Amino acid sequence: MKWRAAILAAGVCGWLVSAAGQQPQQNFDNVKIQVTPVQKNIYMLFGAGGNVTVQVGKDGVLLIDTEFEPLVPKLMAEIKKLSDGPIQYIINTHVHGDHVGGNDAFYKLIPKNPQLPLNIIAHANVLNRLTAPGPNGAPGTSTAEHPGFPEDEYDTPYKDFYYNGEPIFIYHEPNAHTDGDSVILFRGSDVVTTGDIFTPDSYPFIDIARGGSVKGEIDALDHILELTVPADHQEGGTYVIPGHGRVCDEADVVEFRDMVVIVKDRVQDLIKKGKTLDQVKASKPTEDYDTEYGANGADRFVEAVYKSLSGK
Amino acid sequence: MRRILFAILIVGAVPALTFAQGGRGGGRGGPPPQGKAGAPVDLSGYWVSPIFEDYRWRMFTPLKGDAASVPINDAARKIVDAWDPAKDEAAGEQCKAYGAAGIMRVPGRLHITWQDDNTLKIETDAGTQTRLFHFTGQAPKEGEPSWQGYSAAKWEVTALPGGPAGVGLGMLPRQGTKSRTLDVVTTQLRPGYLRKNGVPYGANTTLTEYYDHWSEPSGQEWFTVTTVVTDPEYLAIPFVTTTDFKKEPDGSKFNPRPCTAR
Amino acid sequence: MKKTAPLLLLIAVMGVPAFAQMDFTGEWAPLYHEDNPERIPGPELGDYMGIPINNAARLRGDAYDADRISVVSEYQCRPHGGDYSMRGLANMRVTEEYGPDDHLLAIHTRMNFQEQARTIWMDARPHPSELAPHTFQGFSTGTWEDNMLAVFTTHEKESYLRRNGLPRSDKATFVEHWVRHGNLLTIVTAITDPVFLTETFVRSQTWQLDPGQRMGRDICEYVPEIAKPVGTVPAHLPGTNPFLHEVADWYGLPFEATRGGSATLYPEYKDKAPKPDKVPAMCDRYCACGQNGRGCNLH
């Protein structure tokens with residue numbers, strides 16, 4: 001029961017902290033999964049937590065992130081409409097519960113076939129955090145207890161493989177939203193999945209406690225901009241599936257990146273002037289962005305930026 | 001085959017007959033009515049133009065010499081650069097910027113009513129001006145020029161469906177176009193200003209306006225007036241502006257005040 | 001008669017006309033007889049006049065540094081949004097597309113600036129879901145209101161209300177009414193933006209039919225224009241923009257009025273507005289824009 005409480009706590013906590021300003025949903029009964037075609041092989045599914053990326057093709061199905069555990073049957077039902085193929089890959093963009101919460105449930109639902117093994121991939125820091133000892137010395141959870149944990153971990157700058165007729169790159173973005181973030185490029189479909197590094201409708205949650213930093217966040221956004229190429233007059237071309245929110249492209253990422261940089265510059269300036277965190281918050285460095293990204297998440301964002309820059 | 005052709009001919013005629021019976025009060029084959037009886041939209045009420053466009057030339061008196069956007073000619077440029085409001089005041093011509101060719105751009109409110117069945121009245125609180133739109137036909141041959149001139153108005157003619165041509169193999173009966181536009185042509189204008197800082201229009205100016213009523217999805221009513229000022233004396237080409245008026249619930253903000261030259 | 005009666009009925013049903021559309025097709029040249037200096041050379045920095053912005057928009061404008069367009073290379077080829085396209089460099093071509101049943105399926109516009117193409121769907125199709133991608137021109141559907149075309153557009157990308165940093169969000173929608181009077185086409189645009197506007201923002205503009213117009217290509221390729229470290233985003237820190245008073249001083253206006261907002265838009269504001277700090281004796285900037293039907297130069 002301890003692991004269930006832990007994952008549930010992580011899940012609820014993760015959802016709370018990654019969905020800025022939103023109330024956690026306790027009842028998933030009325031949640032309907034929305035399916036949005038993105039480009040070529042790629043679809044985006046959204047229920048209540050983080051966006052789920054689905055790649056389908058002649059080899060099978062690849063998922064990025066798994067939402068909350070109670071939604072997995074509904075997700076599976078929608079995936080089956082897109083493809084009958086076996087799910088062979090699950091990639092987790094980061095450790096938060098609204099992105100990894102469904103891993104175990106998917107693992108249990110997916111038929112076991114040694115010829116078509118299921119690979120659950122994430123950066124090593126995701127697995128480290130999922131299995132880390134709990135507070136007050138409580139023992140950590142194990143992969144034996146959680147077969148859905150991403151055991152196919154990587155700890156290099158990137159990992160690549162070929163699936164469904166296209167190369168897939170998984171890039172580690174160090175110390176961005178967390179210390180275990182991955183950005184995934186589908187080179188053939190020309191789609192990038194970003195996890196919560198990019199959330200077009202809310203301030204980024206820079207999870208300092210889990211290794212996030214504003215420098216890493218900006219570097220990650222800049223890297224996403226390197227990966228994206230617009231088709232015509234700064235529009236279309238490479239599509240971007242954010243951690244939460246609508247399908248985007250490069251122009252949308254630029255607006256978000258610019259906001260982060262501008263707020264960072266403001267906070268940096270105030271730190272140079274010797275301002276405390278409370279004074280920085282009182283100066284409202286996000287005032288011109290609050291109506292767009294939500295005033296509720298502003299203080300948390302500013303605090304994370306302050307702590308990243310000041311080391312305090 | 002003859003029966004089929006006969007059927008097509010009959011069907012082609014049916015829509016025209018249908019319209020004539022169910023149209024805007026017109027008798028069978030007669031022109032549609034004008035004036036109040038023929039109004040396809042209701043322009044009556046109180047209206048205000050929020051100054052969303054040309055703000056610095058409308059809300060405040062622009063600097064002397066500023067005729068930006070107006071296609072004035074060289075003769076007008078001399079007048080613009082010599083503008084002197086004190087002279088206008090001394091001559092009792094404080095209302096030069098409130099003439100018909102400029103009044104719709106002056107910040108203010110309108111009160112629109114039917115003076116009678118054939119006359120639409122527009123009262124402006126800015127400069128306490130009154131424009132009368134006459135639906136009775138042409139202007140009188142001789143008339144004293146005035147700030148507001150003489151305005152001949154008509155509801156734009158609706159093109160009837162089912163006209164004579166348009167029946168043939170593969171052709172559907174001609175469709176009509178129903179209009180809701182008010183056309184107004186104003187002449188007999190006294191020379192005035194297109195803007196408060198003395199951008200002139202002359203005595204031979206013709207003002208053509210098109211009033212179009214529309215609504216936001218919320219139901220908020222507006223009308224837009226497209227204004228074409230044709231002045232062979234001071235404009236190089238016709239000067240075209242569009243001004244948008246929002247309907248107000250009542251006249252509580254209607255605030256009559258006199259003309260000012262500054 | 002037995003054979004022709006059903007045929008008569010069928011043809012009659014097919015042939016009963018609704019009142020039909022106007023023809024907006026053609027090459028249209030915009031008239032800049034309103035706000036010429038803003039729309040052609042470009043708005044002055046700090047000029048927020050005439051727009052019902054909230055404080056967030058105002059502060060965004062204050063932070064705007066035009067270097068951003070050069071330094072952030074992704075902005076160099078950024079086109080106008082569908083709403084601003086009607087306002088800015090706006091030579092336009094309008095064409096129609098008919099479906100296989102010869103009913104009007106769509107009206108297409110092409111604007112010369114950045115070759116922006118927009119489709120106004122006339123077949124009552126629904127707008128995409130809120131999770132679908134946004135485009136600069138947005139997704140538009142149209143219906144006829146007698147001789148006017150009413151267009152509703154959603155799904156625009158974030159863009160600007162004015163080209164001096166005043167933003168327009170991706171939550172905005174806009175409604176247009178198109179009406180033609182002879183060779184003049186007037187389009188009224190009403191923008192609703194819950195993020196940056198406090199009321200509907202209405203602008204109207206007119207085009208003249210120009211059969212001789214040839215638009216050609218507007219090809220854009222971004223290049224590094226100013227060498228800056230990767231990730232630099234030029235912006236003014238709060239309270240440091242030195243240019244905000246220029247427009248008031250140059251044109252003899254109250255500074256408060258230049259800050260925009262609903263309170264400054266209505267006739268009663270004229271009496272309440274504070275006095276300007278400076279009033280030049282004569283116009284010195286853009287005084288002759290459009291004179292003799294020509295372009296718009298600074299002096």
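**Notes on a predicted model**

1. Chain B holds five helices and 11 strands. Helices (H or I, at least four residues) and strands (E, at least two) are DSSP runs, numbered from the N terminus. This is a predicted model, where local features need pLDDT of at least 70, side-chain atom pairs count only at pLDDT 80 or more, and totals for chains, interfaces and linings use all residues. Residues are numbered from 1 along each chain as its sequence is written, while chains are lettered from A and ligands numbered from 1 in the order in which they are written.

2. Chain B has 262 residues, and 48% of them count as buried. Buried means that 20 or more other C-beta atoms, placed from the backbone, lie within 10 Å of the residue's own.

3. Take the contacts in chain B between residues at least 6 apart in sequence: 61% join residues at least 24 apart. A contact needs two C-beta atoms, placed from the backbone, within 7 Å.

4. Now chain A. It has 10 helices and 13 strands. Its radius of gyration (over C-alpha atoms) is 19 Å, close to the 20 Å from the globule rule (2.2 Å times the number of residues to the power 0.38) for 312 residues, so chain A is as compact as a globular protein of that length. The C-alpha trace of chain A spans about 60 × 55 × 40 Å along its principal axes.

5. Of the 312 residues in chain A, 53% are buried.

6. Chain C meets chain A: 32 residues of chain C are in contact with 31 of chain A.

Methods. A residue is buried if 20 or more other C-beta atoms lie within 10 Å of its own, exposed if 12 or fewer, and partly exposed in between; C-beta atoms are placed from the backbone.
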